[in-house]
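Hi everyone, thanks for coming. I'd like to walk you through one structure today, so please have a look at it while I talk.

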Amino acid sequence: MKLKNSITTVLIFIIVAVYIVAHYAVTITWGGIPLQDQLLLVGKIPLNDGTSLGVFGGQWWRILTVALTHANWLHLGFNMMAFFQLGNIIERFYGRVRYSVILLLSLVTSSLVAVWLLPVGQPCVGASGMIYGLFGALLVMGKRAGVDYRQLVGNIVINLIITFSIPGIAWQAHLGGLVGGIGAAFLIQSLHQNPSRQTWE
């Protein structure tokens, strides 16, 4: 598997491209609403006519599209750097299909936990929940992939400390993603007892 053809690299390109469009091509809207506002995660925003916006208002796509949104270049840069480093390790080990399952389940779990636990109407942006899912998957596959557990656990602890120390970070999404990644990796492990580094379907 070449890095330029990896799912990780393709997704990074898409996420960065959407960020640029959403923040700099402001005339591009979706239903008359700025693109980022239609993609970010929010549980429910009640409207005056009795309807509502958000996941609980039927806008289910936000569960997935939140990974395409970021607050600023610094947020985007840190997330994409972590995604590139973690994602390529896991993609090489599990192969494209199983890796895609881990990404999807991590993202969905992260988003669902966030919309249930965040205050009503509070928006959430970023791919961090999905990335925490990769940390979770590494915990499960660690020894077989040659991961240094002490360094991995240390990185997770540091990131969780940052999560709970800095105001405005959605810890709900991070913990949801971490649990989702662990669950996805255990699911794959139970279905495929011997995941191969050479199975890069």
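A bit of housekeeping. Residues are numbered from 1 along each chain as its sequence is written, and side-chain values use heavy atoms, with hydrogens and water left out. This is a predicted model, where local features need pLDDT of at least 70 and side-chain atom pairs count only at pLDDT 80 or more, while totals for chains, interfaces and linings use all residues.

Okay, helices. Two packed helices are described by the angle between their axes and the distance between the axes. Helices here are DSSP runs (H or I, at least four residues), numbered from the N terminus. Axes are lines fitted to C-alpha atoms, for helices over the stretch in contact, and angles run from 0 to 180 degrees between N-to-C directions.

Let's start with α4, residues 73–94, and α5, residues 96–117. Their axes come within 7 Å and cross at roughly 135°. That's why we call α4 and α5 oblique to each other; under 35 degrees counts as roughly parallel, over 145 as roughly antiparallel, 65 to 115 as roughly perpendicular, and the rest as oblique. Who makes the contact, meaning heavy atoms within 4.5 Å? On α4 we have F83, G87, I90, E91 and Y94, and on α5 there are R96, R98, Y99, I102 and L103. By class that's 6 nonpolar, 1 polar and 3 charged residues. Nonpolar covers Ala, Val, Leu, Ile, Met, Phe, Trp, Tyr, Cys and Pro, charged is Asp, Glu, Lys and Arg, and the others, Gly among them, are polar.

Stay with α5, and look at α8. These two axes also come within 7 Å, crossing at roughly 145°. The α8 side of the contact includes G176, G177, G180 and G181, and among the α5 partners are S106, T109 and S110. This contact has 11 nonpolar, 8 polar and 1 charged residues.

Then there's α1 with α5: the angle is about 45° and the axes are 11 Å apart, which makes α1 oblique to α5. Here I7, T8 and L11 of α1 meet R96, Y99, S100 and L103 of α5.

Now the pockets. A pocket is an open set of points on a 1 Å grid over the protein atoms alone, where a 1.4 Å probe fits, with protein on both sides within 12 Å along at least five of seven lines; lining residues have an atom within 4 Å of a point. Volume is the space filled by probe spheres set on the points, which are joined across faces, edges and corners.

The largest pocket holds about 1200 Å³. It has 45 lining residues, and F78, N79, A82, Y132 and N159 are the closest to its centre. Which helix gives the most to this lining? It's α4, with 9 residues. The lining splits into 27 nonpolar, 17 polar and 1 charged.

The second largest pocket has about 180 Å³. Helices α1, α3 and α5 each supply at least two of its lining residues, and L11 and L103 are among the residues there. Its lining has 10 nonpolar, 1 polar and no charged residues.

Definitions and conventions
Contact = heavy atoms within 4.5 Å.
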